[in-house]
Amino acid sequence: KNFIPGQVHEYDVSLDSVNLKDGGVHNLRCKRCTHDLQVKRIPKLGLLGLIQPPPWGTAHEVDVMLRKLQAAAGLFYLVREFVRDPTREEAPLVASAPGATRDVAKLSADSEVLNMFLDRCNIFARAVDSQSPKLRLHECAKPRTRGILLKAVLEIKMLILVVVEHLQGEEGVFNSRQLQEWTNFQIEIHEDCLKGGVEAQYKTNEPSWESLKALVCGPGEHPEAKKDVEAHLTAAGAQKVLNECLSNINKTVWPRLQQKSQLADLKLPSLDFSSAAGGAEFKLRHSCIWMRAVETYLFDLVHSSQYPKGFPHGIADIRKQVSRPDLALKVLCPSIALDKAVKNSQAELDTLLAEKAERRRSGVGTDGINFNPRNSTGMVNPGENLCASNALLQLLFSVQPFAAAVLDAPELMTKDEPSSPSSRPLQGDAGQLVGGLRRLFSEMSHP
């Protein structure tokens, strides 16, 4: 509520007054200054049980897990919207409804996940207005409701994170169709929910505890500063790191940028630290080169089959390379300008990666042409020579009058409607074809 850094904080509260079992809200006001915290302890909701834990030994178990994982992602996006908007009281459970959240259709399709969530998170209830199912939030502005919402988002994200982390490198459990479905899910989830990769979503126990201690108790060694000290980086070691950074640029990045005619305004970093600005200048040049590489080719490379580690590791590697000289520069040439350059570099990289991910998701090419103006979803190619039929179906979907006619077409025949024996097989086959095409076009209409 009011953060005062640089002072040790003391509170008029005893351990006996803190309810760790049932939860509660504790207002902590420092006795020495205006440092003021509100600590909320909310019991577990049990949402980690939405998906059966591993192992998933059979193809059926893997199918169930993938379906529930996608439903959990849809649930994450839906609940997060309530967190972002404290005035929001309801959200549709139909993808075609105005205001529908991402992947809500996959959530609605798995009634088991949705019902279990409603049972364990009683601030929500299902409602139907004008034949459109919705999720309604009780007392959206109440502090208790806001706290449970945050807890729900955290537990759902933890569930997705645990499953994704477990499955990375375990592709042997998938058949070819499941592997393609899993790959597509990873691309989507790492653009938003797990942005930056699995490793970027959490800290280990020790730095997490140190961060909490610094917030509540006051000054001490910042987790990152402590980490730096523990590294025991000497001047010789720092010089070696910077030499390796330069060597990496000269051998890999610089030639690639030169090949693409992208070196016009770039300069190689210099190891001349005779002035106080030397470290900041090195960081600036180093960062500019890597940003240009990400913009020009590197982001697309780590998302391609040429990068064997997979794109989550690729994004993590990009971040690692951009920040690699930071500690060494702080050892050899510390300055306020360097600290600012490091901070600006991180912010610029976050923005660039977010923009590239959004452009990739929406189908915008490097020349700025939007190849997917309707923001549609493509089709998985599981092999089996289906690429031609997939291409034909996507071509038909791109013809807007045809797609609209299919989406608006009524059922050709129900089992209660009379029909002649000779026409029944034809109508039945046609009904299945149109019905299947309608469902497919509906999924393609909502990314």
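Arg88 touches Glu81, Phe82, Gly99, Leu137 and Cys140, leaving aside residues up to four places away in sequence; contact here means heavy atoms within 4.5 Å. This is a predicted model, in which local features need pLDDT of at least 70, side-chain atom pairs count only at pLDDT 80 or more, and totals for chains, interfaces and linings use all residues. Residues are numbered from 1 along each chain as its sequence is written, and side-chain values use heavy atoms, with hydrogens and water left out.

Arg88 sits in the loop between helix H1 (59–84) and strand E3 (90–92), where helices (H or I, at least four residues) and strands (E, at least two) are DSSP runs numbered from the N terminus. With 17% relative accessibility, Arg88 counts as buried (buried is under 20% relative accessible area, exposed over 50%, partly exposed in between; 1.4 Å probe, protein chains only). A polar atom of the Arg88 side chain lies 3.1 Å from the backbone oxygen of Gly99. Arg88 also forms a salt bridge with Glu81, their closest N and O atoms being 3.9 Å apart; a salt bridge is a side-chain nitrogen of Lys or Arg within 4 Å of a carboxyl oxygen of Asp or Glu. Glu81, at 22% relative accessibility, counts as partly exposed.

Turning to the other charged pairs, the structure holds 21 salt bridges. One of them joins Lys68 to Asp110, with the closest N and O atoms 3.3 Å apart. Lys68 belongs to helix H1 and Asp110 to the loop between helix H2 (104–108) and helix H3 (111–120), so this pair ties together parts 42 residues apart in sequence. Both Lys68 and Asp110 are buried.

Conventions: A polar contact is a pair of N or O atoms within 3.5 Å; within protein, one must be able to donate a hydrogen and the other to accept it, and residues adjacent in sequence count only if both atoms are side-chain atoms.
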